[in-house]
Amino acid sequence: MAYANFGPEDDRAAAPSDEATAELERAFQAKVDAEERIEPKDWMPAAYRKTLIRQMSQHAHSEVVGMLPEGNWITRAPSLRRKVALLAKVQDEAGHGLYIYSATETLGVTRDETIDDLHSGKAKYSSIFNYPTTTWADIGAIGWLVDGAAIVNQVALCRCSYGPYARAMVRICKEESFHQRQGYEIVMTLAQGTDEQREMAQDALDRWWWPSLMMFGPHDTDSPHSQQSMAWKIKRKSNDELRQHFVDMTVPQAEYLGLKIPDPELKWNEERGHYDFGEIDWDEFYAVIKGNGPCNRERLRARLDAHDDGEWVREAATAHAEKRRRRAKKEVAA
């Protein structure tokens, strides 16, 4: 599938002049400012397309890699009800990855290319998935905190200027809401249980709180893409705005559970109308991003092994599709 908006690297002979490009960019920005959706066949700046490919592919990678911390708890969940619910959730995450990979392909990049970027380490995924799930309470914490943080970010993406991405996010957010409620219910059950279960819930909150805040990315002043993404309305709120909203939303939930947020600087600021909270350990954040987290190598190895093990399935599906195509062609010719 070819589009005319991919920029000079795709058709250098047909590249518009600087003046014509400037006019196209003005018209594009005017459309974005008017809250009109950009669709795959519309003209778009090469940098806009590049930004979307980076963000959307990494979002898709995060959905797929996010299956790993929870998947190994499916067989160890404490009841059949919990097993079924967790299995459904992990299946949802696979679907989310497929939705966003498909949306990314509308920008002219193949799924194989985006997955190769993940496997080579060129593309990243959310830092949160490089932490281990050591107890059943971690599964609850992931649903409550990690999916809660994802919802805060993804609800804003439902209004993204790029149509395929925004539409994919509508369904994803509905399913993420189920995941968040499932996780909160797990933590609430533990918090209302025995002393040992309550300690387990508190321990999970202690370990997952700060990595959840890191999910929103660096401070706005240190985020190289945020300002332009917001001008293009790919993003609607800055990293710090989203992080603040998550804190304001989550602290009352923890108080209801009788659990303590592991932040001695956390307090309500009456003047701001928001919670003040402590500084994130950015050294840890950047170490994980660079591949030095507790589970970075384990996660990537699992993805590579799964890709290699599934090669025969992809080959069989491709062969079957080609067989059907040839058969249909013969029927048309007849």
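A salt bridge, as I use the term here, is a side-chain nitrogen of Lys or Arg within 4 Å of a carboxyl oxygen of Asp or Glu. Keep in mind throughout that this is a predicted model.

With that cut-off, a search of the whole structure turns up 20 salt bridges. I will go through three of them.

Start with E35 and R236. Their closest N and O atoms are 2.7 Å apart, and the two form a salt bridge. E35 sits in the loop between α1 (18–33) and α2 (46–65), while R236 sits in the loop between α9 (226–231) and α10 (239–257), so this pair ties together parts that are 201 residues apart in sequence. E35 has a relative accessible area of 46%, which means that E35 is partly exposed.

The second pair is R111 and E105, whose side chains meet in a salt bridge at 3.1 Å, N to O. R111 is partly exposed, at 25% relative accessible area. E105 also counts as partly exposed, at 31% relative accessibility.

R326 and E322 form a salt bridge, with 3.5 Å between the closest N and O atoms. They are four residues apart in helix α13, so about one helical turn separates them. R326 is partly exposed, with a relative accessible area of 44%, and E322 is partly exposed as well, at 30%. Returning to the E35 pair, salt bridges with shared partners join E35, K233 and R236 into one network.

Next, the charge on the surface. Which residues gather in a patch of negative charge? They are D308, D309, E311 and E315. Helices α12 (296–309) and α13 (311–333) each supply at least two residues of that patch. E315 belongs to helix α13, and its relative accessibility is 49%, so E315 counts as partly exposed.

Now two residues away from the surface. N296 is in helix α12. Is N296 buried or exposed? Its relative accessibility is 8%, and the cut-off for buried is under 20%, so N296 counts as buried. A polar atom of the N296 side chain lies 2.9 Å from the backbone oxygen of V288.

The other is W209, in helix α8 (residues 195–214). W209 has 0% relative accessibility and therefore counts as buried. The C-alpha atoms of W209 and I142 are separated by 9.8 Å, with the two residues 67 apart along the chain.

Note on methods: Residues numbered from 1 in each chain as written. Predicted model: local features only at pLDDT ≥ 70, side-chain atom pairs only at ≥ 80, totals over all residues. Heavy atoms only, no water. Patch = residues over 30% accessible without salt bridge, like charges linked within 9 Å, V, L, I, M, F, W, Y side chains within 5 Å. Areas by Shrake-Rupley, 256 points an atom, 1.4 Å probe, with all protein chains shown as cover. Lys, Arg positive; Asp, Glu negative; His and termini not counted. Charge placed at Lys NZ, Arg CZ, Asp CG, Glu CD. Buried < 20%, exposed > 50% of the residue type's maximum accessible area, 1.4 Å probe, protein only. Polar contact = N/O pair within 3.5 Å; in protein donor to acceptor, adjacent residues only side chain to side chain.
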